[in-house]
Amino acid sequence: MGDMRKFADRSAAVMPAETHGAEAYISEDYARAERDKLWRKCWLQAGRLEDIPEVGNYITYDILDDSVLIVRTAADRIKAFANVCTHRGRRLVDTPAGQRNARGKSANFVCGFHAWTFDVTGENAGVCSFIQAQHEWGGALNDERTRLGEFKVDTWGGFIWINLDPDAGPLREYLEPAATMLDPFQIQNMRVRWRFWTVFDCNWKVALEAFDETYHVPGTHPEFTAFGDFTGWGRQQGQHSHIGYDAPADAPEADDSILGENRAKLRLGIGDPRISTAEMQKYTWEGVNTNTTKTLVDVAQTLPEVLPEGTPPAEVLKYWLDTARQIDADRGVEWPKVDSDHTAQSGTAWQIFPNQQIGHAVNNMLCYQARPCGYNPDKCYFEVAVYELYPEGGAPETEWTFAEPKDFPYVLKQDFSNMAAVQQGMKNLGFRGNIPNPKAEGAVVSLHRNLARHLGTGAPVPLD
Ligand code: FES
Ligand SMILES: [Fe+2]
């Protein structure tokens with residue numbers, strides 16, 4: 001965990017109260033500074049490996065002024081090229097109108113301006129293989145001068161990561177301790193069930209922070225409080241952070257392993273756990289369409305019939321998860337076995353600095369990502385991708401699809417309704433800075449502490 005040494009240990013359950021200002025969200029100068037100090041320095045999640053399964057498959061990834069062309073150049077090799085023609089700077093691969101990014105398959109790319117042609121597969125990946133009237137340069141052009149620029153690229157968790165900084169350290173080191181905590185969940189085996197992107201009238205941090213704490217549940221999603229207690233924690237883990245639920249106070253008879261499981265995302269509702277779990281699962285499926293699977297929802301619906309009234313919560317949880325695990329195994333979907341201590345320790349989601357959240361579980365995953373939309377601090381791209389396990393060859397073909405905020409599942413729309421209002425509110429002359437809950441909103445504080453290391457401004461300070 002090399003990088004961890006550089007950070008004070010801030011993983012304690014509760015940190016002292018701190019405050020941070022609004023600059024990072026609303027300042028145009030700050031948004032401009034982010035390009036060089038943040039986006040051109042950090043490892044960024046740029047796509048999914050299954051999007052480029054064959055040699056010649058490519059995707060593009062844009063971050064402010066930079067565009068990256070990611071190509072599978074060989075069966076076991078991926079390269080990240082600067083998506084710009086070396087002749088006079090035309091972007092090489094255009095993003096089709098209305099699309100999030102380009103995606104396709106080709107052994108070479110022909111520039112739309114003067115037709116210079118670049119190989120992107122095999123030994124010559126990156127080489128400019130055709131130049132009109134090359135002799136007119138009098139022999140001054142060589143492969144080194146004309147080949148495509150390249151960036152660092154690596155993979156982890158089934159994701160492709162790029163880094164625009166030639167001096168960046170290794171990806172694995174960057175991702176720790178998140179990578180080690182998430183590895184047992186085998187997220188590389190999950191495939192997309194749906195993925196939408198949209199544009200918000202708020203800073204990218206406002207969008208991300210709406211999902212990195214559970215403190216907002218009673219205020220934003222009051223109907224969920226009928227199902228259970230959603231109090232939680234958020235802790236800094238070096239550059240990154242994670243969040244999780246507190247153990248339910250009403251499960252005293254449960255042994256440690258059940259408490260561990262119940263701190264995970266697949267958890268029981270309160271009251272008669274057979275009924276509340278059935279209701280909560282149904283509501284979650286219809287209202288969020290993530291954080292669970294069809295198998296879990298279906299088995300939960302049978303709990304009130306199959307189990308007698310008064311079945312202890314621990315037994316309800318065990319029956320529910322064991323039965324769903326078996327049904328999935330029978331159709332060729334194996335959930336990884338994760339030690340319950342590890343499950344409890346890992347929490348429910350990791351915020352990978354700077355702009356990704358991975359909400360993990362043994363059989364599904366919910367990922368959020370936010371990126372700036374130009375240098376306007378009041379706009380961002382926001383992306384939601386929901387993954388689960390499929391039998392061999394059974395995953396659906398999906399594309400990034402644009403959706404208006406109003407077309408997202410109901411519970412997400414509740415979250416979205418705060419975005420522009422927070423952005424606008426923080427500009428109010430009378431706003432005196434953020435005062436996040438030191439326990440439940442620790443991930444918000446962590447983000448700003450780490451941003452300040454890059455930007456040199458905006459560090460949280462003690463709240464006196
Ligand atoms: S800019 Fe690409 S060929 Fe001229
Ligand atoms: Fe929410």
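The axes of helices α10 and α11 come within 9 Å and cross at roughly 135° (axes are lines fitted to C-alpha atoms, for helices over the stretch in contact, and angles run from 0 to 180 degrees between N-to-C directions). That makes α10 oblique to α11; here angles under 35 degrees count as roughly parallel, over 145 as roughly antiparallel, 65 to 115 as roughly perpendicular, and the rest as oblique. Before going on, note that this is a predicted model, in which local features need pLDDT of at least 70 and side-chain atom pairs count only at pLDDT 80 or more, while totals for chains, interfaces and linings use all residues. As for labels, residues are numbered from 1 along each chain as its sequence is written, and chains are lettered from A and ligands numbered from 1 in the order in which they are written. Helices (H or I, at least four residues) and strands (E, at least two) are DSSP runs, numbered from the N terminus.

Back to the helix pair. The α10/α11 crossing is right-handed (a crossing is left-handed if the near helix is turned anticlockwise from the far one by less than a right angle, and right-handed if clockwise). From α10, the residues Thr295, Leu296, Val299, Ala300 and Leu303 meet Val316, Trp320, Thr323, Ala324, Ile327 and Asp328 of α11, where contact means that the C-beta atoms, placed from the backbone, lie within 7 Å. Sorted by class, this contact has eight nonpolar, two polar and one charged residues. For that sorting, Ala, Val, Leu, Ile, Met, Phe, Trp, Tyr, Cys and Pro count as nonpolar, Asp, Glu, Lys and Arg as charged, and the others, Gly among them, as polar.

Now step back along the chain to α9. Helix α9 (residues 273-287) and helix α10 (residues 294-306) have axes that come within 8 Å and cross at roughly 150°. The two are therefore roughly antiparallel to each other, and α9 passes α10 in a left-handed crossing. On the α9 side, Arg274, Ile275, Thr277, Ala278, Gln281, Lys282 and Trp285 do the meeting; on the α10 side it's Leu296, Val297, Ala300, Gln301, Leu303 and Pro304. The residues of this contact divide into eight nonpolar, three polar and two charged.

Beyond α11 we reach Val338, in the loop between α11 (313-330) and α12 (340-346). Val338 is partly exposed, with 19 other C-beta atoms within 10 Å; a residue is buried if 20 or more other C-beta atoms lie within 10 Å of its own, exposed if 12 or fewer, and partly exposed in between, again with C-beta atoms placed from the backbone. Setting aside residues up to four places away in sequence, Val338 touches Pro184, Phe185, Thr343 and Val362. Ala361 sits 23 residues from Val338 in sequence and 9.5 Å from it in space, C-alpha to C-alpha.

Glu383, in strand β18 (residues 380-388), also counts as partly exposed, with 19 C-beta neighbours inside 10 Å. Leaving aside neighbours within four places in sequence, Glu383 is in contact with Trp197, Tyr368 and Gln369.

Most residues other than glycine have a negative phi, and most peptide bonds are trans. Here, though, the bond from Glu176 to Pro177 is cis, with omega near 0°, and Pro177 is in the loop between α4 (171-175) and α5 (178-182). Phe353 and Pro354 are joined by a cis peptide bond as well, omega about 0°, with Pro354 in the loop between β15 (349-352) and β16 (356-360). Then there's Ala115, whose phi is positive, near 70°; you'll find Ala115 in the loop between β7 (108-110) and β8 (117-119), where it is exposed, with 12 other C-beta atoms within 10 Å. Ala133 has a positive phi too, about 50°, lies between β9 (128-130) and α3 (143-146), and is exposed with 7 such atoms within 10 Å.

Zooming out, the protein chain comes to 15 helices and 20 strands. Of its 464 residues, 42% count as buried.

Key:
Two residues are in contact if their C-beta atoms, placed from the backbone, lie within 7 Å.
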